[in-house]
Amino acid sequence: MGEYLIRRTIQAIVTLFLVTVFTFALIHLAPGGPTQVMIAPGVSPEAFEVQKRNLGLDQPVHIQYLQWMGRLLQGDLGTTFKNNLPVGDILWPTVGNTLVLMIAAWLVTLIIALPWGIYNSTKVYGISDQFASIVSYLGFAMPTFWFGIILQQIFAMNLKWLPLSDMWTYGKQGDIGDLVMHLIMPVTVLSLGFLASYVKYSRASMLEVLDQDYIRTARAKGVKESRVVFRHALRNALIPIVTILGLDLPILVSGAALTESVFNWPGMGRLFVSMANAREYSVLMAIVLVTSVFVILGNLLADILYAVVDPRVQLGRKGGGSK
Amino acid sequence: MSENLDQQEITAADSQADLRKPPGPWKIAAGKFVRNPYAMVSVFVLLFFVIVSFCAPFLTPYDPAKIDLKNSNLPPFSDGHLLGTDELGRDILTRLLYSGRISLTIGFSVALASVIIGSVVGAISGYFGGWIDTVLMRFVDVMYSLPTLFLNILVLAIFGDEFIYMILILSFTSWMGVARLVRGNFLQLREMQYVEAARAIGVPNRNIIFKHLLPNSIHPIIVNATLMVGGAILSESALSYLGLGIQAPQTSWGLMLSNAQEFMLTNKWLTVYPGVCILLVVLAVNFIGDGLQQALNPRGKKHPVRRLNEWRKKFSKSAA
């Protein structure tokens with residue numbers, strides 16, 4: 001176990017290192033190089049040289065990378081180039097808002113999808129199962145932002161039941177009831193796609209377990225069906241879902257970004273889109289890094305959990321979590 | 001792609017019709033596919049969209065980008081404009097058709113490009129193994145842990161939002177699935193005796209990979225490619241919706257939706273049409289993918305459940 005943990009952590013650190021190299025290289029691959037990207041157009045040649053020296057862009061590439069990494073490790077994400085604000089000051093408040101949205105969507109998905117999938121695995125090809133497959137086809141084929149716009153039109157514009165966008169009504173910051181009202185539509189939109197896959201996963205995973213010998217043994221002993229499903233089968237069926245939860249994190253983050261843009265949610269994704277339109281590369285790099293760290297940690301956690309709950313995972317084998 | 005292959009195989013088989021010869025694997029698959037109602041309907045839906053959007057200049061007299069403020073915001077079924085016009089007086093049906101061109105082109109080219117990248121990476125990784133495999137798979141891990149949408153936006157922001165960059169970056173962020181799939185397949189296949197035999201008679205690695213191994217893992221690749229078309233169309237629409245994809249004189253379904261959201265109060269139908277188009281096309285592509293998967297899987301169920309149940313009732317004594 002200890003060996004596996006260490007191996008997996010080293011793997012995560014290597015991945016993280018590669019992500020930083022990758023992001024750094026991307027800026028350097030841009031047409032005109034990082035000077036073009038980092039320094040505002042239209043400055044005089046003298047000012048350009050000064051700026052270049054201030055940003056350390058006259059150094060060789062590997063030195064620049066090390067300096068950048070050094071600053072990152074101290075928690076310094078750089079400054080915006082328009083008004084020289086520290087990137088951290090803009091970024092961190094939005095992270096919390098995004099987490100609120102993501103965790104809410106995640107909980108809603110699990111609360112609905114798991115019981116639904118389990119029920120469907122006991123009644124394969126029943127009405128509920130077929131309905132679930134319709135939902136999943138729609139969930140995979142529908143552009144999530146479109147679903148969001150349609151919901152806005154129906155529930156905010158026509159029926160006026162729910163607030164159109166944003167996180168709080170003006171002047172009501174901190175009111176939980178208000179927050180919940182604002183959460184309903186974004187969470188519905190964000191969970192739909194996941195609902196589709198998780199009902200499928202949990203159903204498939206349950207079916208696989210229900211097919212095994214020990215389940216037959218349990219039934220043969222005369223164990224009650226509900227006990228077979230919930231005590232004997234469910235525990236083992238949940239294991240693969242833990243990994244999938246980790247693997248789906250990047251999709252959840254991307255989905256949250258789109259949903260935030262539709263509903264004007266003051267989160268990281270909306271910040272990213274507006275900063276991309278303003279070409280604020282330091283903020284963009286910072287967000288890519290922060291989300292990657294988040295995703296890598298999530299995967300690490302999922303893999304460790306997997307190893308903890310499933311003794312069958314072959315510890316110490318290479319690439320334990322990469323499937 | 002697979003359709004063409006099927007067709008060729010079938011005609012080739014028919015021409016040397018030998019009654020004692022059993023149907024080949026492609027013919028069996030084609031037969032199964034044709035008998036799948038969802039897949040066949042989807043093929044027609046997709047064909048309809050492809051034909052209609054690529055024949056757009058012959059089907060509609062309007063220019064999709066021409067602004068005509070005198071005829072702005074016309075309701076559906078008004079004179080000369082079947083679906084009405086938008087806030088700038090552009091004919092909506094025309095814009096939908098021209099948008100379809102861009103969305104479909106991006107969908108298919110991204111799927112093709114990422115299948116090629118993914119197959120080559122996966123093939124090299126799985127066939128050679130060792131440190132090459134480790135390096136390539138670490139790279140796949142890195143790509144998987146970057147949130148794709150953010151990466152796409154970052155690249156488009158840096159390099160500019162031209163059509164070709166969009167195809168490149170979308171393919172570059174979606175090949176990993178195929179790579180893992182092909183690698184897994186190759187890891188199994190490279191231990192086969194025919195590979196050993198080929199090596200023994202001195203067939204170069206390149207030929208073993210492309211002539212012996214790749215054709216044997218073509219089924220999952222085809223299925224994956226089909227499903228990727230839908231994913232690419234969705235990604236394109238999302239990027240265009242966010243204002244970082246297709247730009248103004250050109251038009252795509254995502255861009256139309258982004259305009260429509262601004263004019264939600266004046267014309268609510270604007271949001272419905274492009275969304276329905278995306279939904280139908282992606283749904284069709286996914287159904288075709290599922291159909292192909294069932295048809296190409298030799299271990300898949302050969303008979304519909306309903307018929308099996310009927311048989312069970314008729315022929316088995318213990319049927320419940």
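I started with the buried area between chain A and chain B, which is about 4300 Å², with carbon and sulfur atoms giving 75% of it. Buried area here is the accessible area (1.4 Å probe) that two parts lose on being put together, summed over both. A:Phe22, A:Tyr137 and A:Trp146 supply 14% of what chain A buries against chain B, more than any other three residues.

A note on ground rules: this is a predicted model, where local features need pLDDT of at least 70 and side-chain atom pairs count only at pLDDT 80 or more, while totals for chains, interfaces and linings use all residues. Residues are numbered from 1 along each chain as its sequence is written, and side-chain values use heavy atoms, with hydrogens and water left out.

Next I looked up contacts (heavy atoms within 4.5 Å): 51 residues of chain A touch 47 of chain B. How many salt bridges are there between chain A and chain B? I found 0, taking a side-chain nitrogen of Lys or Arg within 4 Å of a carboxyl oxygen of Asp or Glu as the rule.

By class, the side of chain A that touches chain B has 36 nonpolar, 13 polar and 2 charged residues; Ala, Val, Leu, Ile, Met, Phe, Trp, Tyr, Cys and Pro count as nonpolar, Asp, Glu, Lys and Arg as charged, and the others, Gly among them, as polar.

Last, I checked H5(A) (residues 87-122) against H12(A) (residues 268-277). I noted that A:Ile90, A:Leu91, A:Thr94, A:Val95 and A:Thr98 in H5(A) meet A:Met268, A:Gly269 and A:Leu271 in H12(A). Those residues divide into 5 nonpolar, 3 polar and no charged. Helices here are DSSP runs (H or I, at least four residues), numbered from the N terminus.

Key:
Chains are lettered from A and ligands numbered from 1 in the order in which they are written. Axes are lines fitted to C-alpha atoms, for helices over the stretch in contact, and angles run from 0 to 180 degrees between N-to-C directions. Helices (H or I, at least four residues) and strands (E, at least two) are DSSP runs, numbered from the N terminus.
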